[in-house]
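Dear colleague,

Please find below the structure that I am handing over to you. My notes on what was found in it follow directly after.

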Amino acid sequence: LTILGIESSCDDSAAAVVRQTQDGPRVLSSIVRGQADLHAAFGGVVPEIAARAHAEVLDHCVEAALSEAGLGMGDLDGIAVTAGPGLIGGVLSGVMLAKGLSAATGLPLIGVNHLAGHALTPRLTDGLDFPYLMLLVSGGHCQFLVVEGEDAFRRLGGTIDDAPGEAFDKTARLLGLPQPGGPAVEAEARQGDAERISLPRPLLDRPGCDMSFSGLKTALLRARDAEMAQAGGLTRSARADLAASFQQAVVDILAEKTRRALDLYLELAPARPALAVAGGVAANGPIRAALQALCAERGVAFSAPPLSLCTDNAAMIAHAGLARLAAGEADGLGLSARPRWPLDARAAPMIGSGK
Ligand code: ATP
Ligand code: FE
């Protein structure tokens, strides 16, 4: 089976071709066209600009994905498209294109949940068995999911306010570092002392797997102002120490909450236990190291897909659509775009989850 994937839920236009082979799914091509330059001047993604840009470049992405795979539309068995959650104008651009292609070719159309695409990626890259634990940690999301099947996700907890990536970006802005903030703060933190300035670890004393990062931002702002007042400006070493302290706080929060999520997950007695991480923040060295150490301690495999498949892409959408295509399911031209689409709408609360 060979499937085309289309993704346009945020600020990346993407198309990819994935094939189910005897050795498992294989990515034949994956094209991603970012729009960062279009939104840079506005300090965030502008939905109208994003939707228009998707409408302009998505069909080129599809052409490029097919040509890179050396295939034509006639070689495909189906079309998968992100149907949500995301910025509705962008999602609609992708859904309309996919519907047009489906109507023109008669190929089955499959609507995919963007978050399911992320959550199933470790099966594409590392062939993980269900159930595995997933920490999705990015610019817009932070949650623990037990992935029990292609369409079975159990949310154990997540951020109650901001996502860590957002906090990294804000921290970079406060410290006068460039965007995206994550890599800049990580580099700065290497020169700093994480102990000198003390920052809070919100919610760490509460049971469960929920997290909070917005208080950390406020605390960082205060700490920065205190440092500046004392030295008459932000010194080099103060900047590095603030970055290091901030990063260490995020590491400590994620590590402790992952420890608890692992406890809950291991109650399911998985045959081949595994923790997978996804999202841009999973690129962070000290965060990865802490999670890896935790996994080693518990005898749990650690899976971190390459960054190109962690951030938004269409290979994960094509891959997520494969199972339904194989099962002969399809959505048809009535498929609608959904701005909100929680993954675990049908999941029962987890036994023993302390909340
Ligand atoms: P979502 O996919 O959840 O809607 P997004 O598209 O913003 O959000 P990603 O592209 O997965 O998320 O990740 C981008 C985020 O990852 C940014 O906030 C960026 O600062 C952060 N990030 C990237 N590299 C690092 C790093 N080395 N350390 C920490 N954070 C990082
Ligand atoms: Fe995403």
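A hairpin connects β2 to β3 through 2 residues. These strands, β2 (residues 12-21) and β3 (residues 24-34), pair in the antiparallel sense over 10 bridges. Within this pairing, Ala 14 has Val 32 of β3 as its bridge partner. Please bear in mind throughout that the model is predicted.

Gly 149 has its bridge partner in β8, namely Ala 152.

I turn next to a pair of helices. Two packed helices are described by the angle between their axes and by the distance between those axes. Helix α7 (residues 214-231) and helix α8 (residues 236-266) pack at an angle of about 160 degrees, and their axes are 11 Å apart. Because an angle over 145 degrees counts as roughly antiparallel, α7 is roughly antiparallel to α8. The crossing in which α7 passes α8 is right-handed. On the side of α7, the contact is made by Leu 216, Leu 220, Ala 223, Arg 224, Glu 227 and Ala 231. On the side of α8, Ala 238, Leu 242, Phe 246 and Ala 249 take part. By class, the residues of this contact between α7 and α8 comprise 8 nonpolar, no polar and 2 charged.

The model also contains a ligand. Which residues are closest to ligand 1? Of the 20 residues that surround ligand 1, the closest are Gly 139, Gly 140, Gly 165, Gly 182 and Gly 280. The shell around ligand 1 has 6 nonpolar, 11 polar and 3 charged residues. Helices α5 (164-174) and α6 (181-189) each supply at least two residues of this shell. The largest share, 4 residues, comes from α6.

Finally, some points of the backbone should be noted. Most residues other than glycine have a negative phi, and most peptide bonds are trans.

- The peptide bond from Gly 84 to Pro 85 is cis, with omega near -10 degrees. Pro 85 is located in the loop between β4 (78-84) and α3 (88-105).
- The peptide bond from Gln 179 to Pro 180 is likewise cis, with omega near -5 degrees. Pro 180 belongs to the loop between α5 and α6, and both of these helices supply residues to the shell around ligand 1.
- Leu 203 is not a glycine, yet has a positive phi of about 70 degrees. The loop between α6 and α7 is where Leu 203 is placed.

With kind regards

Notes: Residues numbered from 1 in each chain as written. Chains lettered and ligands numbered in written order. Predicted model: local features only at pLDDT ≥ 70, side-chain atom pairs only at ≥ 80, totals over all residues. Axes fitted to C-alpha atoms, helices over the stretch in contact; angles between N-to-C directions. Parallel < 35°, antiparallel > 145°, perpendicular 65-115°, else oblique. Left-handed = near helix turned anticlockwise from the far one by under 90°. Contact = placed C-beta atoms within 7 Å. Nonpolar A, V, L, I, M, F, W, Y, C, P; charged D, E, K, R; others polar. Near = placed C-beta within 6 Å. Pairing = 2+ DSSP bridges.
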